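Let's take a guided look at this chain together. We will begin with its open space and then visit a few residues one by one.

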Amino acid sequence: MAMKYSRQRQLIYNFLMSRKDHPTADVVYQNVRQEFPNISLGTVYRNLTLLADRGEIQRLQVGDGVDHFDGDTSLHCHFVCSDCGSVTDLQMDCLDDMFKMARQNFGGKIEKQMTYFYGICSECLDKHTVKS
């Protein structure tokens, strides 16, 4: 079913597509407000949910209690820094094989997968090395 065009939704989508840092709804709201001052946080949440439900963006739940959003819907993994909380993309060639193997050995229907790696990012490692 076609979705009615919304300038607000388009701004939210464009903002996500311009980012690689997987922002939260609050970060999206703060940035989109600069171009659309009357937009409400509720409108941002509703549109992020709609876009995620339609598969146009990804909703990430990395364990910090807030949803993060990713404009890249291709099959890829994420790295979460347990120090600064940053979320970054990890490109791995083995993902297609892993997905195929999971489908082969499962009687149901696998539609998508999410893989998160946790540790310390290079920036935080550098900070810790400088301090010691």
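## The pocket and its surroundings

The lining of the largest pocket is made up of five nonpolar, six polar and three charged residues. Here Ala, Val, Leu, Ile, Met, Phe, Trp, Tyr, Cys and Pro count as nonpolar, Asp, Glu, Lys and Arg as charged, and the others, Gly among them, as polar. This is a predicted model, in which local features need pLDDT of at least 70, side-chain atom pairs count only at pLDDT 80 or more, and totals for chains, interfaces and linings use all residues. Residues are numbered from 1 along each chain as its sequence is written, and side-chain values use heavy atoms, with hydrogens and water left out.

The volume of the largest pocket is about 280 Å³. It is lined by 14 residues, and the closest to its centre are Gln 58, Thr 73, Lys 112, Gln 113 and Met 114. A pocket is an open set of points on a 1 Å grid over the protein atoms alone, where a 1.4 Å probe fits, with protein on both sides within 12 Å along at least five of seven lines; lining residues have an atom within 4 Å of a point. The volume is the space filled by probe spheres set on the points, with grid points joined across faces, edges and corners.

Gln 113 deserves a visit of its own. Gln 113 sits in the loop between α4 (95-104) and β5 (116-119). Is Gln 113 buried or exposed? Gln 113 counts as buried because its relative accessibility is 18%, and buried means under 20% relative accessible area, exposed over 50%, and partly exposed in between (1.4 Å probe, protein chains only). Not counting residues up to four places away in sequence, Gln 113 touches Leu 75, Leu 95, Met 98 and Phe 99, where contact means heavy atoms within 4.5 Å.

## The overall chain

The chain holds five helices and five strands, in the order α-α-α-β-β-β-β-α-β-α along the sequence. Helices (H or I, at least four residues) and strands (E, at least two) are DSSP runs, numbered from the N terminus. The C-alpha trace spans about 50 × 45 × 25 Å along its principal axes. Of the 132 residues in the chain, 33% are buried. Contacts between residues at least 6 apart in sequence include 48% that join residues at least 24 apart.

In helix α2 (residues 25-35), the buried residues are Ala 25, Val 28, Tyr 29 and Val 32. Seen down the axis of α2, these residues fall within an arc of 100°, so they line one face of the helix; the arc is that of the directions from the helix axis to the C-beta atoms. The buried residues of α2 pack against α1 (7-17), α3 (41-53) and β2 (67-70).

Leu 16 belongs to helix α1 and is buried, with a relative accessible area of 1%. Leaving aside neighbours within four places in sequence, Leu 16 is in contact with Pro 23, Val 28, Leu 48, Ile 57, Phe 69 and Gly 71.

In the loop between α1 and α2 we find His 22, which is buried at 2% relative accessibility. Most residues other than glycine have a negative phi. Phi of His 22, however, is positive, near 55°.

Asn 47 lies in helix α3 and is buried, with a relative accessible area of 8%. Not counting residues up to four places away in sequence, Asn 47 touches Arg 9 and Ile 12.

## A cysteine in a loop

Cys 84 lies in the loop between β3 (77-81) and β4 (87-90). With a relative accessible area of 44%, Cys 84 is partly exposed. Cys 84 touches Cys 121 and Cys 124, not counting residues up to four places away in sequence.

## Separations in sequence and space

The table sets sequence separation beside C-alpha to C-alpha distance for some residue pairs.

| Pair | Separation in sequence | C-alpha to C-alpha distance |
|---|---|---|
| Leu 16 and Gly 71 | 55 residues | 5.1 Å |
| Gln 113 and His 76 | 37 residues | 9.0 Å |
| Asn 47 and Arg 33 | 14 residues | 14 Å |
| Cys 84 and Phe 69 | 15 residues | 17 Å |
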